[in-house]
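Please walk me through this structure in plain terms, starting with its charged side chains and then moving on to its rings and its surface.

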Amino acid sequence: MDNLIISFCYRMRTIIDAGKVHASTEQMEHSSKVVTDFPKLAKFLKWFPARNSNLTQEELNAIAYGILPKEQFSVLAEFLDGESFDKKAALWEYYAKSSRIFSLYLRPIFLTVTFEYFRESIHISSLMDVLKSHYASGKSPSKLEICDDLGLTVPKSMVRYLKRKPTDTHLDPYLFEFYVYQKIYHEIDRGRLYCNDSVSYCDINTDLIDDSLVDDAEAIAAEFGYPKIPIYCDQRLDEALQELNDAWIRTTDNIQENKNPGFNIRKTRTGQQRWSLLYDSSEKLDDAFFKSLPKAEIANIVMFIGDRIGMWDSFTHMKDRYTKRKNPLPLVINACLLSEAFGFGALKMADMSDLELNQLRSIREDFVRVDTLCAANDIVSNHIHSLPIFRQWEGVLPN
């Protein structure tokens with residue numbers, strides 16, 4: 001069950017992140033198309049005040065729409081008002097295109113895992129019940145007809161995004177289904193939706209002892225020959241509660257008396273006190289030493305370290321015999337390591353450097369693996385440990 005829920009959350013994050021990228025791309029493309037009409041708008045604004053006042057309405061329209069097409073007036077006006085592109089609509093348009101993905105990977109998990117809310121919630125429970133009862137009866141998604149103009153199941157602000165066309169009477173079944181999955185993912189991420197059949201996502205109440213057993217704790221302890229356990233537990237619980245209460249009072253007093261430097265207290269216009277935390281990032285760092293150091297490329301630093309401590313010798317071929325190349329070029333190994341470290345791969349590294357793609361791929365496959373990376377890491381770690389500054393860094397005075 002843990003694996004199923006983790007898979008559900010992973011798929012949801014993938015679809016949501018891809019949808020955000022799609023919506024941002026669509027917005028940029030729309031803005032670029034509108035911006036191309038700005039010269040026409042500028043030309044129209046220059047012409048309109050200096051136009052011939054004797055023009056008829058037909059002649060005026062012909063010249064004006066010849067400069068700037070009629071349909072672009074409203075588009076440019078909305079763009080200037082900042083309301084030209086509905087990014088949320090583009091987001092749900094992408095979700096509609098991803099219906100096959102969540103039908104294959106999310107729907108089976110949803111129908112298999114029994115989710116429960118931490119308290120009675122008409123909203124999330126009703127959404128899940130609608131979907132489960134529909135698919136439990138063996139019906140297809142196209143048979144799911146939901147008319148939700150009153151906003152009883154879906155908020156009114158979301159209704160128009162859950163329809164393929166504004167004139168549709170019912171919500172789109174796939175969009176409604178993904179809306180439910182989105183709500184489930186949100187509640188799981190915040191720990192409000194749980195599954196008692198899992199280990200990591202179960203309700204804490206399932207791990208607590210029943211109240212009837214707690215009341216019989218003394219009799220149960222005496223039966224097993226440990227009559228002092230209930231007494232010790234009660235005493236320890238009282239001491240812990242007292243420590244917590246004392247800490248609460250002490251902390252509150254320190255805040256009120258301005259003895260806690262981590263709090264910033266200010267008074268509002270109404271005379272009430274408001275407090276906020278002070279963060280370490282607001283403190284200025286003394287980086288005078290690092291400012292004095294010359295700047296160097298990361299690739300040059302790795303090459304310098306590798307040549308100095310003999311790190312390249314740890315990268316051996318995966319085959320111990322019948323190989324023509326025993327020792328790889330340090331420059332190519334360095335390029336492979338940096339391409340993996342920065343996450344852009346061998347293809348982009350080949351475009352950025354003068355190294356060939358086939359050379360990078362062959363070296364990566366033959367010499368860079370877990371064993372060689374661990375060996376190289378040991379060489380670097382042992383060298384750092386042998387440096388005199390290592391003892392100073394660890395706070396240990398030299399002998």
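Asp-172 counts as buried because its relative accessibility is 10%, and buried means under 20%. In this predicted model, the side chain of Asp-172 meets that of Arg-164 in a salt bridge, with 2.8 Å from N to O. Arg-164 itself is partly exposed, at a relative accessible area of 47%. The general idea is simple: side chains of opposite charge can pair when their charged atoms come close.

How many salt bridges does the count come to? The count comes to nine. One of them joins Asp-189 to Arg-190, where the closest N and O atoms are 3.2 Å apart. Asp-189 is exposed, because its relative accessible area is 51% and exposed means over 50%. Arg-190, at 46% relative accessibility, counts as partly exposed. Another salt bridge is formed by Lys-259 and Glu-257, and here the closest N and O atoms are 3.0 Å apart. Lys-259 counts as exposed, with 55% relative accessibility. Glu-257 counts as partly exposed, at 46%.

The next topic is the aromatic rings. A pair of aromatic rings is described by the distance of the centres and the angle of the planes. A search of the whole structure finds 11 aromatic pairs. Among them is the pair of Trp-92 and Tyr-95, which is edge-to-face, with 5.0 Å from centre to centre and 90 degrees between the planes. Both residues lie in helix α5, which covers residues 87–97, and they are three residues apart, or about one turn of the helix.

Trp-92 and Phe-178 are both buried. Ring pairs link these residues into a cluster, whose members are Phe-8, Trp-92, Tyr-95, Phe-102, Phe-110, Phe-115, Phe-178, Tyr-179 and Tyr-181.

Now turn to the surface. Four residues, Asp-210, Asp-211, Asp-215 and Asp-216, gather there in a patch of negative charge. Where is Asp-216 found? Asp-216 is in the loop between α11 (211–215) and α12 (217–223). Its relative accessible area is 43%, so Asp-216 is partly exposed.

A nonpolar surface patch of about 710 Å² is made by Ile-209, Leu-213, Val-214, Ile-220, Phe-224, Tyr-226 and Ile-229. Of these, Ile-209 lies in the loop between β2 (193–194) and α11. Ile-209 counts as exposed, with 55% relative accessibility.

Ala-217 is partly exposed, with a relative accessible area of 31%. Ala-217 and Cys-374 are 157 residues apart in sequence, and their C-alpha atoms are 53 Å apart in space.

How values were computed
Residues are numbered from 1 along each chain as its sequence is written. This is a predicted model: local features need pLDDT of at least 70, side-chain atom pairs count only at pLDDT 80 or more; totals for chains, interfaces and linings use all residues. Side-chain values use heavy atoms; hydrogens and water are left out. Patches are made of residues with over 30% relative accessible area and no salt bridge: like charges are joined within 9 Å, nonpolar side chains (Val, Leu, Ile, Met, Phe, Trp, Tyr) within 5 Å. Accessible areas come from the Shrake-Rupley method with a 1.4 Å probe; for residues, only the protein chains shown count as cover. Lys and Arg count as positive and Asp and Glu as negative; His and the chain ends are not counted. The place of a charge is taken as NZ of Lys, CZ of Arg, CG of Asp or CD of Glu. Helices (H or I, at least four residues) and strands (E, at least two) are DSSP runs, numbered from the N terminus. Buried means under 20% relative accessible area, exposed over 50%, partly exposed in between (1.4 Å probe, protein chains only). Rings of Phe, Tyr and Trp (its six-membered ring) pair if their centres lie within 6.5 Å; planes under 30 degrees apart count as stacked, over 60 as edge-to-face and the rest as tilted.
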